[in-house]
Amino acid sequence: MIEYFVVHNSNAAPFFSDTDRCYVRANSPNEAIDSFVKTYTHPFGLYTAFVYENADAYHKKEKPLVRWLCNRAKFLEGKTGS
């Protein structure tokens with residue numbers, strides 16, 4: 001198993017998201033995001049999550065290996081073209 005670095009944001013509660021980071025052990029980035037999403041607990045829910053190879057990749061602003069967006073984030077991304 002590989003240790004991946006995950007950066008995640010809660011839904012706004014009520015004015016801004018809680019941002020946090022953690023490590024998830026998994027066999028692949030997709031397995032890591034699936035495992036993280038299934039076990040995420042926050043009263044306002046998950047807004048976004050990004051899986052990186054490691055913390056260095058995140059801090060060097062490398063592209064995430066996998067990303068997860070809630071439906072609202074997907075909608076807004078489609079509207080803004082980001």
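Predicted model: local features only at pLDDT ≥ 70, side-chain atom pairs only at ≥ 80, totals over all residues.
Reader: How is a pair of aromatic rings described?

Author: A pair of aromatic rings is described by two values, the distance of the centres and the angle of the planes. A search of this whole structure finds four aromatic pairs. Take Phe-5 and Tyr-58. Their ring centres are 5.7 Å apart and their planes stand at 45 degrees, so the pair is tilted.

Reader: Which parts does the pair of Phe-5 and Tyr-58 tie together?

Author: Phe-5 belongs to strand E1, residues 2–10, and Tyr-58 to helix H2, residues 55–59. The pair therefore ties together parts that are 53 residues apart in sequence.

Reader: Is Phe-5 buried or exposed? And what of Tyr-58?

Author: Phe-5 has 5% relative accessibility and counts as buried, because the cut-off is under 20%. Tyr-58 has a relative accessible area of 23%, so it is partly exposed.

Reader: How do I read the pair of Phe-36 and Tyr-40?

Author: Take the two values again. The centres of Phe-36 and Tyr-40 lie 5.5 Å apart, with the planes at 50 degrees, so this pair is tilted. Phe-36 is buried at 6% relative accessible area. Tyr-40 counts as buried too, at 17%.

Reader: Which residues do ring pairs link into a cluster?

Author: The cluster holds Phe-5, Tyr-23, Tyr-52 and Tyr-58.

Reader: Now the sheet. What is the order of its strands?

Author: Strands of a sheet pair through backbone hydrogen bonds, either parallel or antiparallel. Here the sheet is open, has four strands and runs E2-E1-E3-E4, with antiparallel pairing. Strands E2 (19–26) and E4 (66–69) stand at the edges. Each has a single partner strand, so one side of each is left without a neighbour in the sheet. Neighbouring strands are turned by 20 degrees against each other on average, direction ignored.

Reader: How many bridges join E1 to E3?

Author: Six bridges join E1 to strand E3, residues 46–52, and the two run antiparallel. His-8 has Ala-49 in E3 as its bridge partner.

Reader: Where does H1 pack?

Author: H1 packs on the sheet and touches E1, E2, E3 and E4. The direction of H1 makes about 150 degrees with that of E3.

Reader: What is Ile-33 in contact with, leaving aside its neighbours within four places in sequence?

Author: Ile-33 is in helix H1, residues 29–39. Beyond those neighbours, Ile-33 is in contact with Ala-49, Val-51, Val-66 and Trp-68. Ile-33 and Val-66 are 33 residues apart in sequence, yet 7.2 Å apart in space, C-alpha to C-alpha. Ile-33 counts as buried, at 5% relative accessibility.

Conventions. Residues numbered from 1 in each chain as written. Heavy atoms only, no water. Phe/Tyr/Trp six-rings, centres within 6.5 Å; stacked < 30°, edge-to-face > 60°. Buried < 20%, exposed > 50% of the residue type's maximum accessible area, 1.4 Å probe, protein only. Contact = heavy atoms within 4.5 Å. Pairing = 2+ DSSP bridges. Axes fitted to C-alpha atoms, helices over the stretch in contact; angles between N-to-C directions.
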